Amino acid sequence: MWDYTDKVLELFYDPKNQGTIEDNHEPGVKVSVGDVGSISCGDALRLHLKVEEATDKILDARFQTFGCTSAIASSSALTEMVKGLTLDEALKVTNKEIADYLGGLPEAKMHCSVMGQEALEAAIYNYRGIPLEAHDDDDEGVLICSCFGITDAKIKKAVRHNNLFSAEQVTNYVKAGGGCGSCLAKIDDIIKEVKQEYEKEIASTNSVPANTKDSTLGQQKPLTNVQRIALIQKVLDEEVRPVLIADGGDVELYDIEGDKIKVILKGACGSCSSSTATLKVAIESRLRDRISKDIIVEAV
Ligand code: FES
């Protein structure tokens, strides 16, 4: 018997926002759907969002799921959490926050919270007209777990976001490794790789000149302008451009004025009608996540 919290049981026995949102073509309102999982793998979730176009605000959220107690509770929690948020705010909701809303989930059931976060992302990208292949980790990278169709990209994301340190935890979060087990050694390698990347990032952050350190407290002062520009360029080069290039586009850093970052969109991005959405989601969200929540990205 799983050790579920009272909140999980409450939302399982009396789920909030279960069902669909019909698109009645109301003026100024758009309905979007995000699908994740598959019934053949045991869990599937479809999230419906009703969004006010002028403000990007989520007016309503509903779900349909084929899954266990935790899948129903996680989906229900997610819909409660995102109602009233803007799409940018909703994109910052993590699977950990979904689990926290529930007072925690058994670790073996954490994949339900991951599924909720992925359905949210899928619905928002769908709303913004960004092609699935531009953001879906399942379509990128190398297939690691053939039992559950999980790629290295998806495993890396789970390891990074949840600070996982064992293959068993990875199985709990994304199911990889939970079938025949032949991919477990590869999962261990990926965990090591992510840890090494993380250590490198820490080392490069700490490699600022000694005179930028607060000698009293031993803490770093805010980044200098040069360091900040270098970090923005690094995030664009390593985390944003590969995704855009894969979709036939590209981006170049043009100028920085305080928190306003001006970029030039190229290729498919420059002529694409969803380029504003691309900016907001693929570039601004990533830079906010990695550098500062106040960053605003503009195309020139
Ligand atoms: S290949 Fe991953 S569990 Fe079988």
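This is a predicted model: local features need pLDDT of at least 70, side-chain atom pairs count only at pLDDT 80 or more; totals for chains, interfaces and linings use all residues.

Reader: Where does Val31 lie, and what does Val31 touch?

Author: Val31 is part of strand S1, residues 29-38. Setting aside residues up to four places away in sequence, Val31 touches Ile21, Asp23, His48 and Lys50. Another residue to look at is Asp60, which is 29 residues from Val31 along the chain; their C-alpha atoms are separated by 9.2 Å.

Reader: What does the chain as a whole contain in helices and strands?

Author: The secondary structure comes to 11 helices and 10 strands. The chain has 300 residues, and 36% of them count as buried. Consider also the contacts between residues at least 6 apart in sequence: 55% of these join residues at least 24 apart.

Reader: How should I think about the buried residues?

Author: The general idea is that, in soluble globular proteins, nonpolar side chains tend to be buried together. Here, the largest nonpolar core has 54 residues, and those with the most contacts inside it are Ile155, Val170 and Ala176. Helix H5, residues 110-127, gives the most to this core, with 11 residues. At least three residues of this core come from each of domain 1 (6-130) and domain 2 (137-202).

Reader: Which residues is Ala176 in contact with?

Author: Leaving aside neighbours within four places in sequence, Ala176 is in contact with Ile144, Cys145, Phe148, Ile150, Ile155, Val170, Thr171, Cys183 and Ile187. Apart from this core lies another, of 13 residues, including Ile232, Leu236, Val251 and Leu287.

Reader: Which residues of helix H6 are buried?

Author: H6 covers residues 152-162, and its buried residues are Asp152, Lys154, Ile155, Lys157, Ala158, Val159 and Asn162. Just after H6 comes Asn163, with a positive phi of about 55°.

Reader: How do I describe two helices that pack together?

Author: Two packed helices are described by the angle between their axes and the distance between the axes. In this model, H5 packs with helix H7, residues 167-174, at an angle of about 50°, and their axes are 5 Å apart. H5 and H7 are therefore oblique to each other. The residues that meet are Met110, His111 and Val114 from H5 and Asn172, Tyr173 and Val174 from H7.

Reader: Now the strands. What is the order of the open sheet?

Author: The sheet has three strands in the order S8-S9-S10, and the pairing is mixed. S8 and S10 stand at the edges with a single partner strand each, so one side of each has no neighbour in the sheet. On average, neighbouring strands of this sheet are turned by 35° against each other, direction ignored.

Reader: How many bridges join S8 and S9, and in what sense do they pair?

Author: Strand S8 (residues 249-257) and strand S9 (residues 260-267) pair over eight bridges, in the antiparallel sense. Two of the partners can be traced by name: Asp255 has Lys262 in S9 as its bridge partner, and Asp250 has Lys266 in S9. S8 and S9 form a hairpin with two residues between them, and in the turn Gly258 has a positive phi of about 60°.

Reader: And how does S9 pair with S10?

Author: S9 and strand S10, residues 296-299, run parallel and are joined by four bridges. Lys260 stands opposite Ile296 in S10.

Reader: Gly258 had a positive phi. Which value does phi of His25 take?

Author: Phi of His25 is near 55°, a positive value in a residue other than glycine. His25 lies in the loop between helix H1 (6-13) and S1. With 8 C-beta neighbours inside 10 Å, His25 counts as exposed.

Reader: Where does Asp56 lie, and how exposed is Asp56?

Author: Asp56 lies in the loop between strand S2 (43-52) and strand S3 (57-66). Its phi is near 65°, again a positive value in a residue other than glycine. Asp56 has 17 other C-beta atoms within 10 Å and is therefore partly exposed.

How values were computed:
Residues are numbered from 1 along each chain as its sequence is written. A nonpolar core is a set of buried Ala, Val, Leu, Ile, Met, Phe, Trp, Tyr and Cys residues joined through C-beta atoms within 7 Å. A residue is buried if 20 or more other C-beta atoms lie within 10 Å of its own, exposed if 12 or fewer, and partly exposed in between; C-beta atoms are placed from the backbone. Domain bounds come from an automatic or database domain assignment. Two residues are in contact if their C-beta atoms, placed from the backbone, lie within 7 Å. Two strands pair if DSSP finds at least two bridges between them. Axes are lines fitted to C-alpha atoms, for helices over the stretch in contact, and angles run from 0 to 180 degrees between N-to-C directions. Angles under 35 degrees count as roughly parallel, over 145 as roughly antiparallel, 65 to 115 as roughly perpendicular and the rest as oblique.
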